[in-house]
Amino acid sequence: MHYKWYKKKWATILLHSFFWMIFYLLPYFLRPNYGASGHPKPPSDFLYIHSIDFITWIAIFYINIYLLIPKLFYKRKYGQYASAVLLIFLVLLVLHRVSFYLFLDERPYHLDGFLLFSVFPSIFIIAVSMAFKMFTDQIKYEAKSKERETENLKTELSFLRSQISPHFMFNVLNNMVALARKGSDQLEPSLIKLSSLLRYMVYETNGLSVALEKEVEYLQSYIDLQQQRFGKNVQLHVCLTEIDDNYVIEPMMLVPFVENAYKHGVGMVENAQIDVVLKVHNGLLEFNVKNRFNEEGQMQDQTSGIGLHNVQRRLNLLYKNRHNLLIVKNENWFLVSLQINLH
């Protein structure tokens, strides 16, 4: 852990400042001698041109890192990237010529001076900035992969302990015993749903992602088994639109919200009602869960599901800039609205 000082903001600023200071002073250390006397010519007449070039090199470095590479090069728009670089060289030529006539008008202008003192350093700056960007991005990717791997281990442990409320499983089994005693025709489809639900939890959630269609099927089976328990005691409205594309999602991402609705939206709640709506349009998943709740009858059950807090942590890790989660309590209604960009 003591090696992570380089991740501090002050360390980054210090390292960048040191690099630019060395780069700015380097031409003075390497400056050739002029004149018959053999003494070095004072650099004051070239100071302004060198300072302008230096500022443009800094601009090129950070424009390449924060704009051109992520927006063009990483997206394989190599033609546009090359055009942008050529445009930079054209701007350099204009700046170099203008600054030359402003500060060194008495001297003849030579294009080879521009190539030697502006183009070649700029090419070096572009190469360094690209190497720096790829190196830092690789470090961030590896760090995020390790963090994601650690989080997956934690959530996998949570799934093994209590992917679904144990009370739910016991109640479903008791309900099936009652169906068996009655000889009900609902027993066989209930067993099939329970089997698919267990199969999904044991086999499908081992990977990093699952087909959204399977996640929705699991969600539907869960709701059907819950509704079989409560029947008319809970007014249920479910709308799960058909998935018409090969979208994938992190496993067990949606069911905790529905499980939370059943945990707090039934029992001591008068006129219990649960609404579940899921739709996907142009790669945007919209998932809404709404339930009535009784503030006085709320109970904390740490053994039920992985909890909304852990789901929020997973969303922030896995869909950091690609999701929007809104949780609202308003007049005995609990509303969850989740949007995920699946692209």
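Visitor: How many salt bridges does the count come to?
Guide: The count comes to three salt bridges in this predicted model.

Visitor: What does Lys 193 form a salt bridge with?
Guide: Lys 193 pairs with Asp 224, and their closest N and O atoms are 3.0 Å apart. Lys 193 lies in helix 6 and Asp 224 in helix 7, so the pair ties together parts that are 31 residues apart in sequence.

Visitor: And which residue does Asp 137 form a salt bridge with?
Guide: That one is Lys 133, with the closest N and O atoms 3.6 Å apart. Both residues lie in helix 4, four residues apart, which is about one turn of the helix.

Visitor: Are Asp 137 and Lys 133 buried or exposed?
Guide: Both Asp 137 and Lys 133 are buried.

Visitor: New topic. How do strand 4 and strand 5 pair?
Guide: They pair in the antiparallel sense over eight bridges. Val 276 stands opposite Val 289 in strand 5. The two strands form a hairpin with two residues between them, and Asn 282 in the turn has a positive phi of about 55°.

Visitor: What about strand 2 and strand 4, parallel or antiparallel?
Guide: Strand 2 and strand 4 run parallel, joined by six bridges. Gln 235 stands opposite Gln 273 in strand 4.

Visitor: Which residues gather in the patch of negative charge?
Guide: Glu 213, Glu 217, Glu 242, Asp 244 and Asp 245 gather there, on the surface.

Visitor: Where is Glu 242?
Guide: Glu 242 is in the loop between strand 2 and strand 3. Glu 242 counts as exposed because its relative accessibility is 76%, and the cut-off for exposed is over 50%.

Technical notes. Residues are numbered from 1 along each chain as its sequence is written. This is a predicted model: local features need pLDDT of at least 70, side-chain atom pairs count only at pLDDT 80 or more; totals for chains, interfaces and linings use all residues. Side-chain values use heavy atoms; hydrogens and water are left out. Patches are made of residues with over 30% relative accessible area and no salt bridge: like charges are joined within 9 Å, nonpolar side chains (Val, Leu, Ile, Met, Phe, Trp, Tyr) within 5 Å. Accessible areas come from the Shrake-Rupley method with a 1.4 Å probe; for residues, only the protein chains shown count as cover. A salt bridge is a side-chain nitrogen of Lys or Arg within 4 Å of a carboxyl oxygen of Asp or Glu. Lys and Arg count as positive and Asp and Glu as negative; His and the chain ends are not counted. The place of a charge is taken as NZ of Lys, CZ of Arg, CG of Asp or CD of Glu. Buried means under 20% relative accessible area, exposed over 50%, partly exposed in between (1.4 Å probe, protein chains only). Two strands pair if DSSP finds at least two bridges between them.
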